Each structure stands twice: as C-alpha cells, then as structure tokens.
Protein chains: 2
Amino acid sequence: MVRRGTNFDRVGDFNDAVVLDAIRRSEQLSRVELAEATGLSGQAISNIARRLLDAGLVREAGRLRGAGLGKPRTLLELEPTGRYAAGVHLDPSVVTVVLLDLTGGVVARRPVDQGADDPGVLIDGIAKTIEDVIAESGAPRDRVTGVGIAAPGPIDVERGVVVDPPNLSTWHLVPLRDELRERTGLPVVLDKDVTAAASAERWAGQGGSFLFFYLGTGVGAGLVVEDELVRGSSSNVGEIGHVIVDPEGPLCYCGRRGCVGESSQPRYLVQQAVETGVLAPGIDLDDRSAVDAAFARLCELAVDGPARAIVAALATRIAKVVEDIANLLDLERVVFGGPHWEQLAPVFGDAVRDALTDRFLVRAVHPFEVAGTALGAEVGAIGAASLVLDQTFSPNPSLVGER
Amino acid sequence: MVRRGTNFDRVGDFNDAVVLDAIRRSEQLSRVELAEATGLSGQAISNIARRLLDAGLVREAGRLRGAGLGKPRTLLELEPTGRYAAGVHLDPSVVTVVLLDLTGGVVARRPVDQGADDPGVLIDGIAKTIEDVIAESGAPRDRVTGVGIAAPGPIDVERGVVVDPPNLSTWHLVPLRDELRERTGLPVVLDKDVTAAASAERWAGQGGSFLFFYLGTGVGAGLVVEDELVRGSSSNVGEIGHVIVDPEGPLCYCGRRGCVGESSQPRYLVQQAVETGVLAPGIDLDDRSAVDAAFARLCELAVDGPARAIVAALATRIAKVVEDIANLLDLERVVFGGPHWEQLAPVFGDAVRDALTDRFLVRAVHPFEVAGTALGAEVGAIGAASLVLDQTFSPNPSLVGER
C-alpha cells in the first residue's frame with residue numbers, strides 16, 4: 001500500500017476533525033487550549049472554530065477566567081443536537097436500535113419486533129424502528145448522519161453482507177447494508193458486533209489497549225490496541241469461540257470438545273447444575289426460555305450458594321482465554337459485557353481476577369485490569385452508532401491527502 | 001490521546017518520507033508516477049525529488065520511454081549506499097549483528113563472541129562487532145543512522161531495558177539501549193525479537209495481516225495487522241509460550257502442563273523420540289549440544305522416516321495456536337521462522353497446512369496461507385535494523401504536526 005501525501009489545500013478537513021475530536025475528548029476547551037493540544041496555530045484554530053460553530057457541531061459554553069492576567073477565554077463544547085447516529089445490534093436473541101446524539105449519549109432506544117425468521121421481514125422491522133426512534137427523540141431527520149449495524153460474523157464488509165452467522169440459520173449472504181440503505185435513505189455502515197462493542201467502550205473513555213469480551217449467544221472478542229480499533233484483514237476480528245479450554249468438555253458443532261463458546265452456553269451450565277444436584281432435574285434443555293429461566297436461577301444460586309463452583313469454573317475457563325489474548329497482544333484491560341454479563345458479574349468478575357493474578361506475563365512492566373461494561377446490554381447498538389460518529393467526525397490519518 | 005493537527009509549514013518531512021517510501025516499494029518510479037501514486041502535485045514532487053537526490057537518498061536510474069508522445073521519464077530509485085542501519089539479534093543461543101543498506105539488503109554480518117554470561121562483557125562484544133561489520137562493509141560511518149536491537153521480552157522500551165528474559169538468567173533490568181548508545185555513539189532502538197522479525201518480513205514484502213511464528217529457544221509471535229506492526233501497550237506483544245496445547249504434555253516452569261513453548265523444545269521432542277524408540281537411549285537431556293545434535297537427527301528421521309509422527313504432532317499443536325490467533329485477528333497468513341524452522345520445515349509446513357484446513361473460520365471470505373521465512377536465521381537481526389530504517393525513513397502519520 002502506497003501512502004498518499006498531503007497537498008496543502010487538502011488538509012482542512014483533517015484539521016477540522018482533529019479539533020472536533022479534541023473538544024470531544026476534553027468536553028470543554030478554549031481556543032488557546034485547543035492550539036496547545038493540537039499544535040495548530042491560533043489563527044488556524046479561530047478559522048476552524050468558526051466553521052464548526054457555523055455547522056452547528058460545537059457551541060460556546062461560558063467563559064473561563066484564568067489565573068493570569070489574560071482576558072477570559074470562551075470555552076467550546078460539542079453541540080449534542082448537531083448530529084445524530086442510529087445504531088442497530090443484530091443479536092440472534094434480541095435486535096436493538098438506539099439513537100445517539102453527537103456526544104455519544106443515547107437519546108432513544110427500542111427493541112425490534114421479531115415475529116419471523118425471514119431476513120426481509122426483520123430488515124423491514126429494523127427500518128421502521130429506526131424511524132420510530134428518530135421520531136421519539138425529536139431529532140430533525142436531516143441531522144441523522146447514518147446507521148451503524150453490529151452483526152455477528154462472518155461478514156463481508158465490501159459487499160455489506162452477513163455471510164452465514166452460526167446462530168442465525170436463515171441468514172445466508174443477506175445484503176443487509178444495501179437493503180437498509182434502500183429502506184432508510186441513510187448511509188449505512190456494517191461491522192462486527194464485537195468491534196462495535198469495543199468502539200462503544202472507546203467512546204465511553206476506555207483507552208490504550210484492551211479486549212472487549214462478549215458473553216452472549218456466542219462469545220467473541222473486540223479489540224482496541226494502542227487506541228485504535230483492530231479489524232483484521234476483512235473486519236472479521238474476534239472469532240474466539242473455538243479456543244479449547246476443557247478437552248473433556250461438551251462436544252462442539254465443530255467436532256472438537258471443550259470449545260469456550262460451547263462450554264459458556266447457559267444450556268451447558270444448566271446441564272452441569274442439574275447433574276450436580278444444584279438445580280432440580282426435569283428442565284427441557286431444548287426449550288430456550290426454560291433454559292434462560294434456569295440459568296437466571298443458577299446465577300442467583302452462585303452468589304454465596306451451591307452454584308458458585310459452576311460459575312467459578314466458567315470464569316477459570318474464560319480467564320485462560322483472556323490470559324492468552326492479553327499476553328499475545330500486551331493488553332492493559334479486559335472489559336466484559338453482553339447479555340449474560342450482568343447475571344454472571346457478582347461471582348464471575350472476582351473469579352476471573354483471581355485466575356489471572358500472576359498469569360499476565362508482562363506484569364513486571366504494567367498491570368492488567370478486569371472490568372465490566374458500564375454501557376449495559378445496549379453496548380452493541382451504542383457501538384454500532386459510534387462507528388457512524390467515528391466515520392463522520394474522527395480525524396483519520398488515512399484522510400490526509402485523500403480528499 | 002489528543003491527536004495533533006497539521007500546520008502547513010510542518011508537512012515537508014512527512015511528504016519527503018511518503019515519496020521515499022513510494023520509491024522503495026516500487027523499486028523504480030518516475031516523477032509523474034510518483035505524483036500519481038502519492039496524490040502530490042508535480043511541483044511538490046520535483047522539489048522533494050531534488051531534496052532526496054541532494055541528500056544522497058535516491059539516484060536517477062535511466063529513462064523510461066513511454067508508449068505515448070511525451071518526453072522520456074527519468075526513473076528514481078533508492079541509493080543503496082545513502083544510509084545504513086545496524087541490527088542486533090539477542091538470542092540466548094546466538095547473538096548476530098548485520099548491517100543493512102538503504103534498500104534493506106544485508107551488506108555485512110557477524111556473530112558476536114559469547115565468552116561470558118556477564119551482560120557488560122556481551123554488550124562490549126556487540127559494540128565491537130558493530131564496528132567490525134561497518135568496517136567490513138566499507139560503509140562510511142557517518143551514513144550509519146542507528147542500531148536496532150531485537151531482544152527477548154519482557155522489555156521496558158521507555159527505559160530501554162531488558163527486564164528479565166526467561167532464558168537469560170543473568171540478565172535482569174539490563175539497560176541495553178543506553179549502554180550500547182554510549183559505546184557506539186549511535187542512536188539505538190530496542191524492540192522485541194518477534195516484532196523485529198515481523199518488521200523484517202514486512203520490509204521483504206509481506207503485507208496485509210500476518211503472524212510471524214518464531215521457533216527457537218522459545219516460541220513467540222510477531223504481528224502485522226492491516227499493514228502495521230502491532231506492539232501492544234508496552235511493546236511486549238507476542239508472548240504465546242504458555243498457551244496450553246496438550247494438557248497431558250510436559251510440565252512447564254509456570255506450573256502447568258502442555259504449554260506450547262515447553263512442548264516445542266528440542267529437549268522434549270528428543271525425549272519423545274527416545275521413549276518411542278526412534279532415537280537410541282543414553283542422550284543426556286541436560287547437555288545442550290547433545291540435545292541439539294539429537295534434534296538434528298530427529299528432524300532428518302522425520303522426512304519419510306520414523307520420527308515423522310513426532311514432528312507432525314508438534315505441527316498439530318502449533319497449528320492450534322496459529323488457528324486461534326488467525327481467528328482472533330482475522331489474519332491472512334502465518335510466516336514461520338527462527339533457528340528451528342529450517343530443520344523442521346520439510347515435514348512441519350505441510351502438517352500445519354493440513355491441520356489448518358477447514359479450521360480458519362473466515363475462510364468463506366478469504367483464504368489463510370502457511371509460509372516460511374525467506375530471510376533465514378538472520379530474520380531477527382535484519383528486522384532489528386529494519387526498525388531503524390522504519391524510524392528514519394517511513395512516513396508515519398504521527399509525525400504530521402509533531403516536527
């Protein structure tokens with residue numbers, strides 16, 4: 001890949017984005033502080049600030065009287081209503097739509113009615129729900145800059161297609177991006193669910209190098225390394241479901257035993273609880289809602305109760321995967337999230353922390369932290385929308401000279 | 001991290017590097033082709049080309065007469081003698097020094113005499129060997145821009161220190177970078193051995209997203225994702241030695257069984273060969289040179305011989321690690337290298353390929369390739385020197401506005 005150079009007349013957009021991003025990260029900054037933070041001249045900052053104010057992307061937020069003798073400085077901050085982005089999380093068990101304002105705050109949210117397995121019907125429902133959340137929020141529709149979709153892999157980003165997700169049996173080569181663009185008239189960006197979740201955490205302030213560990217219908221890993229999202233060669237990063245954590249564990253559809261995805265399923269944990277007498281027998285393991293209810297009970301019984309060993313063993317299995325990824329990529333942190341996280345957290349978090357102590361190989365240089373998401377079950381949808389905000393407003397070195 | 005913007009008067013260095021890098025990647029380019037490739041104006045290219053010619057970094061390489069009616073175009077190419085970089089690979093079993101010219105070609109190479117375990121004595125030897133390779137090459141010393149060191153981790157790059165490498169028992173917090181800078185008077189950059197090796201492959205033309213798998217005294221992984229070296233939060237990327245590939249395998253010093261590092265050691269493979277009757281008993285497993293000789297014999301016996309199963313089983317264990325990393329990071333390729341690679345390659349390469357078939361989860365989107373290094377045993381030292389060339393000459397977006 002030959003990098004493209006910078007012709008001077010092309011740098012404007014890049015610098016506008018640099019300044020906007022600096023304001024976002026600091027919440028409020030004066031023009032003088034912006035010049036210091038970005039290395040741009042005071043004159044350049046004045047011009048850029050004027051453009052951003054005119055575009056309705058930033059607003060003035062009072063004055064700061066410094067300790068010195070200078071005149072008071074006007075602070076700039078993002079104008080939340082300046083732009084909006086919609087986010088869709090396509091999870092096999094629940095499809096969620098959110099609308100974010102320019103600061104990344106959720107201004108509306110709705111689940112999508114899932115009557116049918118037919119992808120076309122579901123896409124209709126997503127398009128309708130997007131209109132519903134825009135209407136509910138009161139956002140002027142022309143300030144909605146696009147839609148982000150967080151989908152299970154594998155995906156084909158060039159064609160905007162969901163290839164063949166393991167837990168969505170009727171989805172094969174569905175051209176989700178174009179279908180949704182057609183129905184909404186908005187630009188649509190498709191990315192993996194775990195990448196979206198990692199992006200959400202990054203927008204929420206998680207920096208450096210970290211792993212987002214998704215605990216849901218499957219397990220998956222989103223990655224931010226050195227402050228950047230890692231997507232891999234085709235945006236299909238994060239397929240960790242077939243790492244073997246227990247060679248005597250349950251048989252996986254891939255033909256091997258003890259894959260972390262299979263042995264993290266509520267179905268398997270409920271089965272273990274029944275076999276060890278923690279739950280009463282008679283639960284139909286093929287009945288999804290029966291398994292979900294039993295799993296919820298199991299998680300309750302794990303807090304100082306008899307199911308603790310089952311959840312702790314799960315934590316140990318997953319901790320090994322986290323350990324291996326942390327050592328491979330020299331990470332600083334794991335952030336857990338996904339539909340199963342909140343139920344598991346009371347026991348799971350500490351057990352993972354215990355299992356990782358002394359196992360991070362670079363601990364002589366820096367520590368490794370275990371955290372849970374602060375974004376709740378919407379992290380995927382929020383992340384999908386944050387990818388739109390990223391594309392629209394973040395400075396991207398690859399833009400230098402390309403516009 | 002707040003990104004810094006671009007003041008127009010600061011872009012020169014960045015664009016010079018963009019043009020130099022474009023010439024390097026294409027070997028020869030005319031000014032018109034450079035303008036097309038970089039997006040810079042013809043006038044900007046003319047000025048930059050003049051500066052690069054004056055600095056002795058590029059030279060004119062004949063004329064290209066095009067198919068059209070225009071005047072013949074002068075081709076520009078790198079001037080190999082324009083700059084040099086030294087590279088040091090600090091492997092526990094052999095320390096190698098190479099000198100690269102500006103094109104990345106090796107112009108001189110020497111092993112370092114290793115009489116003593118004392119780090120100070122070894123650093124003296126490295127400094128002397130660097131002077132020896134410069135003298136041997138005939139390179140003017142003032143064109144040697146720096147020294148790169150590839151060291152086993154963990155390293156502390158901020159302090160330039162080798163922290164506590166597992167296979168170098170007398171090395172604890174050795175300030176290698178500063179000691180070597182003091183002895184040579186040259187800028188010194190320290191990085192991990194596996195990162196250096198991945199950098200060498202990148203300079204040799206491997207692009208996209210790949211894993212360099214190092215087979216030596218330990219195992220390790222160097223990573224290039226989306227054309228960029230991945231270093232992690234503290235440059236300690238690639239610690240894969242304690243991924244468990246055989247829960248009934250040999251006991252590792254970490255207290256667990258079947259870590260890939262331990263079960264890839266010649267000592268363990270030789271032991272397996274003796275136990276299965278492939279090698280005659282009586283080999284002293286604590287005698288390093290006896291083990292090395294027996295390992296060489298074992299590798300010979302693996303080519304259509306009775307040791308084939310032992311090497312194939314090793315390949316299967318390592319293939320699982322490669323599979324998991326490829327799926328995690330959505331990679332396109334693994335490149336094997338390191339001191340043990342050449343001996344193992346005849347059996348190992350195919351066995352890894354077989355074990356990975358159908359295991360790469362994104363294969364519906366793109367294939368995954370298995371390759372061996374073309375750079376031989378010097379890949380670490382070459383890579384260390386390439387890091388200097390990278391720092392000196394490659395366009396780095398982070399330089400925009402920082403100089």
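Colleague: Which residue is the bridge partner of Val224(B) in strand 13 of chain B?
Modeller: In strand 13 of chain B, Val224(B) has Leu229(B) as its bridge partner. Strands (E, at least two residues) and helices (H or I, at least four) are DSSP runs numbered from the N terminus, and two strands pair if DSSP finds at least two bridges between them.

Colleague: What should I know about the model and its numbering?
Modeller: This is a predicted model, in which local features need pLDDT of at least 70, side-chain atom pairs count only at pLDDT 80 or more, and totals for chains, interfaces and linings use all residues. Residues are numbered from 1 along each chain as its sequence is written, while chains are lettered from A and ligands numbered from 1 in the order in which they are written.

Colleague: How do strand 12 and strand 13 of chain B pair, parallel or antiparallel?
Modeller: They pair in the antiparallel sense over two bridges, strand 13 being residues 228–229. Their hairpin has two residues between the strands, and Glu226(B) takes a positive phi near 50° there.

Colleague: Why is strand 12 of chain B described as largely enclosed?
Modeller: Seven of the seven residues of strand 12 (219–225) of chain B are buried, so the rest of the structure largely encloses it. A residue is buried if 20 or more other C-beta atoms, placed from the backbone, lie within 10 Å of its own, exposed if 12 or fewer, and partly exposed in between. Val219(B), Ala221(B), Leu223(B) and Val225(B) point one way, and Gly220(B), Gly222(B) and Val224(B) the other. In a regular strand the side chains alternate between the two faces of the sheet.

Colleague: Changing topic, where is the kink in helix 10 of chain B?
Modeller: The kink is centred on Val347(B) and is about 55°; the bend at a residue is the angle between axes fitted to the seven residues ending there and the seven starting there. Helix 10 (341–356) of chain B has 16 residues, yet its end C-alpha atoms are only 18 Å apart, short of the 22 Å that a straight helix would reach. That expected span is 1.5 Å times one less than the number of residues.

Colleague: Which residues of that helix 10 of chain B are buried, and what covers them?
Modeller: The buried ones are Trp341(B), Leu344(B), Val347(B), Phe348(B), Ala351(B), Val352(B) and Leu356(B). The cover includes helix 8 (288–302), helix 9 (308–329) and strand 14 (333–337) of chain B. Contact requires C-beta atoms, placed from the backbone, to lie within 7 Å. Asp358(B), which follows helix 10 of chain B, has a positive phi near 70°.

Notes: Contact = placed C-beta atoms within 7 Å.
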